[in-house]
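Hi,

Here is the structure I promised to send you. Have a look at it first, and then read my notes below.

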Amino acid sequence: MGKQMTEMLKGTLEGIVLAILAGQPAYGYEITARLREQGFSDIVEGTVYALLVRIEQRGFVDVAKVPSEKGPPRKVYSLNALGGDHLEEFWKTWTFLAERIEQLHHHIEPPKEEGE
Amino acid sequence: MATRWIELITGSFEDKKRWRQYKARKEQFPASYRTAIDGLERYFMYAGGIVKGDVLMQMLEDLADLIERAAADGTPIRDIVGDEPVEFADTFLQNYTDGQWLNKERKRLTDAIDQAGNDGA
């Protein structure tokens with residue numbers, strides 16, 4: 001995963017994580033593991049955790065503490081109504097952006113080489 | 001450096017208690033995880049510029065939650081912070097900008113531009 005991917009992912013990771021949580025509640029490690037399975041091989045747990053802290057602060061998720069075999073209880077995050085609204089807005093923004101970028105991709109010719 | 005930050009939070013008894021609890025919690029971590037959390041904590045203290053005791057404590061407690069979980073699961077520290085620890089640390093810090101001293105200057109800049117706009121510039 002290159003530098004460009006990391007940069008682009010910064011703005012979209014929040015939406016991606018909300019979308020994962022819309023499917024089913026999960027804890028940090030599960031979310032990281034799913035992202036890695038889907039090809040985001042460089043994603044680390046700390047980055048996902050920082051994001052979970054943020055969406056919790058903004059009230060997009062509810063948190064349940066589930067006892068674990070060893071160590072402290074795990075925090076399981078689930079999307080709430082406010083988070084659902086935010087996710088919907090994310091998809092609208094994403095669609096707009098993706099369409100515009102596709103247009104640029106298909107309708108603007110790259111500059112031709114000299115002598116062609 | 002550490003003393004300055006301890007003094008910073010001695011203003012509030014509650015924050016002071018939280019700070020002691022946080023330090024005691026760190027003592028329970030395996031040595032290598034403690035090395036990691038100490039490194040991150042030091043960076044947060046320098047780069048964070050957080051002057052609100054409660055925000056600072058919230059940040060450190062969130063950090064302890066992460067490292068404690070990693071230690072319990074035996075997750076390698078590299079899988080937590082990645083190849084670029086500074087990038088992770090900066091992302092983490094962004095959650096606590098409420099408590100940064102820089103906020104005063106951000107407000108000052110915003111006010112100056114508002115003033116200029118109102119004066120017709």
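How many residues does the contact take from chain A and from chain B? Chain A gives 20 residues and chain B gives 21 residues, where contact means heavy atoms within 4.5 Å.

Before going on, a word on the source: this is a predicted model, in which local features need pLDDT of at least 70 and side-chain atom pairs count only at pLDDT 80 or more, while totals for chains, interfaces and linings use all residues. Residues are numbered from 1 along each chain as its sequence is written, chains are lettered from A and ligands numbered from 1 in the order in which they are written, and side-chain values use heavy atoms, with hydrogens and water left out.

Together, chain A and chain B bury about 1700 Å², 49% of it on carbon and sulfur atoms; buried area is the accessible area (1.4 Å probe) that two parts lose on being put together, summed over both. Of the area that chain A buries against chain B, 29% comes from A:Glu45, A:Tyr49 and A:Pro72, more than from any other three residues.

There is one salt bridge between the chains (a side-chain nitrogen of Lys or Arg within 4 Å of a carboxyl oxygen of Asp or Glu). A:Arg74 forms this salt bridge with B:Asp73, and their closest N and O atoms are 3.1 Å apart. Helix α3(A) gives the most to the side of chain A that touches chain B, with eight residues; helices here are DSSP runs (H or I, at least four residues), numbered from the N terminus.

Enjoy exploring!

Note on methods. Helices (H or I, at least four residues) and strands (E, at least two) are DSSP runs, numbered from the N terminus.
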